[in-house]
Amino acid sequence: MVMALKGVPQAACLVRAKMVLQDRRSSIYSKPPKTKIGPGQSFFIMSVFAVGMLAPAGWIMHHIPEYRQRPRPSSRPS
């Protein structure tokens with residue numbers, strides 16, 4: 001009985017994995033886009049993405065001198 005129950009979760013995982021793969025395949029299209037994105041929209045989207053990625057890094061690098069001046073917390077428990 002125990003051996004039969006060990007195989008049940010594995011079979012359920014396989015069925016679930018097959019359903020996910022079928023779902024993923026049905027959402028992939030090989031046709032050209034219905035509406036084309038112009039160069040202005042592409043530039044805007046890439047600019048927003050670049051600012052979103054680089055702004056936090058720039059903020060951190062700009063404030064490195066402040067971070068270095070902070071006192072370090074003691075590593076020993078009291």
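**Close-up views of an all-helix chain**

**View 1. The protein chain runs α-α-α from the N terminus.** This is a predicted model, in which local features need pLDDT of at least 70, side-chain atom pairs count only at pLDDT 80 or more, and totals for chains, interfaces and linings use all residues. Residues are numbered from 1 along each chain as its sequence is written, and side-chain values use heavy atoms, without hydrogens and water. The protein chain has 3 helices and 0 strands (DSSP runs: H or I of at least four residues for helices, E of at least two for strands). Of its 78 residues, 1% count as buried (under 20% relative accessible area, 1.4 Å probe, protein chains only). The chain exposes about 8400 Å², with 67% supplied by carbon and sulfur atoms (Shrake-Rupley method, 1.4 Å probe).

**View 2. Helix 2 has a kink at L54.** The bend is about 30° and lies shortly before the proline P56 (angle between axes fitted to the seven residues ending there and the seven starting there). Helix 2 has 24 residues and spans 32 Å from first to last C-alpha, close to the 34 Å expected (1.5 Å times one less than the number of residues). Helix 2 is hardly covered, with 0 buried residues.

**View 3. W59, I60, M61, I64 and Y67 make a nonpolar surface patch of about 530 Å².** Patch residues have over 30% relative accessible area and no salt bridge, and nonpolar side chains are joined within 5 Å. A salt bridge is a side-chain nitrogen of Lys or Arg within 4 Å of a carboxyl oxygen of Asp or Glu. Helix 2 (39-62) and helix 3 (64-69) each supply at least two of the patch residues. Helix 2 gives the most, with 3.

Key: Buried means under 20% relative accessible area, exposed over 50%, partly exposed in between (1.4 Å probe, protein chains only). Patches are made of residues with over 30% relative accessible area and no salt bridge: like charges are joined within 9 Å, nonpolar side chains (Val, Leu, Ile, Met, Phe, Trp, Tyr) within 5 Å.
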